[in-house]
Amino acid sequence: MTFDTNVIFNNLPEILNGAWVTILIWIVTTLAAAVLGFLVAVARRFGGVLLDRAFGVVIAVLRGTPFLIQIFLVYYGGPFVGLSLDPIPAGIVGLSIYGAAYFSEIFRSGFAAVPKGHIEAGLCVGLTQGQIIRRILLPEMTMLVLPPSVNMTIILMKETAVLSIITVPELTATLSAIGSQQYAFVEALFVLALFYWVLVEITGWLGHLAETKLTRFRFFNI
């Protein structure tokens, strides 16, 4: 048995299309999860005790259950509550909600790390809550939340592979089909592993670059 590269080149259009779908879903869900997670963190910080506890319960459920079960509930359970989605929209919704639970905790920790004295100083000079978030909390928490945010971005990238279970035509589903049809599982899995490894390395490098830039910016503005 030999490694047949023809399997890869003969199916290159399908592989590239699957890779594009994977990257597109990953980018959309990461942005949606980050925005939703930030809004939840703000609501928990400024929305009062009841809102904080309500979101805390929802987040605990989302973080305490496997993503596979969650995506099954969104795709197959959605029609029972009037939410009937095609595979790709269902995957985006499910992965965005899953990621938002983790991003909200990342941002909430970032908020908590900002000294209370800074916030009180903002209140003393008449800043509104929106101005405090924009001018005090966001700048000070950015360096703190960047590393875990990059890590969460990588996790969401790898979780896109789970979406193949609901027939989303991303790279895992595409290469699994190629491997089954042509009995080329080693070749298919090699390409899949290489794709995710390269994407993880690029993301990690960009995260490190952003952290370095922010560190220099903060240093020169002290």
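How are H2 and H3 oriented to each other? In this predicted model, the axes of helix H2 (residues 12–46) and helix H3 (residues 49–64) cross at roughly 140° and come within 7 Å. Angles over 145 degrees would count as roughly antiparallel, and H2 and H3 are therefore oblique to each other. The crossing of H2 and H3 is left-handed. On the H2 side, the contact is made by Val 40, Ala 43 and Arg 44. Helix H3 contributes Leu 51, Asp 52, Phe 55, Gly 56 and Ile 59. Sorted by class, the residues in the contact of H2 with H3 are five nonpolar, one polar and two charged.

These helices belong to a protein chain that has nine helices and zero strands. Read from the N terminus on, the order of elements is α-α-α-α-α-α-α-α-α. Taken along the principal axes, the box filled by the C-alpha atoms of the chain is roughly 70 × 50 × 25 Å.

A further helix pair consists of helix H4 (residues 67–77) and helix H5 (residues 87–113), which pack with their axes 9 Å apart and at an angle of about 135°. That angle makes H4 oblique to H5. The crossing of H4 and H5 is right-handed, whereas that of H2 and H3 is left-handed. In H4, the residues that meet H5 are Phe 67, Gln 70, Ile 71, Val 74 and Tyr 75. Their partners in H5 are Pro 87, Ala 90, Gly 91, Gly 94, Leu 95 and Tyr 98. The contact of H4 with H5 contains eight nonpolar residues, three polar residues and no charged residues. In the contact of H2 with H3, by comparison, two residues are charged.

A search of the whole structure gives one cavity of 30 Å³ or more. The volume of the largest cavity is about 30 Å³. The residues lining the largest cavity are Val 7, Ile 8, Ile 15, Leu 175, Ile 178, Glu 187, Ala 188 and Val 191. Two or more residues of this lining come from each of helix H1 (6–10), helix H8 (171–182) and helix H9 (185–220). Helix H9 supplies the largest share, three residues. By class, the lining has seven nonpolar residues, no polar residues and one charged residue.

Technical notes
Residues are numbered from 1 along each chain as its sequence is written. This is a predicted model: local features need pLDDT of at least 70, side-chain atom pairs count only at pLDDT 80 or more; totals for chains, interfaces and linings use all residues. Side-chain values use heavy atoms; hydrogens and water are left out. Axes are lines fitted to C-alpha atoms, for helices over the stretch in contact, and angles run from 0 to 180 degrees between N-to-C directions. Helices (H or I, at least four residues) and strands (E, at least two) are DSSP runs, numbered from the N terminus. Angles under 35 degrees count as roughly parallel, over 145 as roughly antiparallel, 65 to 115 as roughly perpendicular and the rest as oblique. A crossing is left-handed if the near helix is turned anticlockwise from the far one by less than a right angle, and right-handed if clockwise. Contact means heavy atoms within 4.5 Å. Ala, Val, Leu, Ile, Met, Phe, Trp, Tyr, Cys and Pro count as nonpolar, Asp, Glu, Lys and Arg as charged, and the others, Gly among them, as polar. On a 1 Å grid over the protein atoms alone, a cavity is a set of points where a 1.4 Å probe fits but cannot get out, and a pocket is an open set with protein on both sides within 12 Å along at least five of seven lines; lining residues have an atom within 4 Å of a point. Grid points are joined across faces, edges and corners, and a volume is the space filled by probe spheres set on the points.
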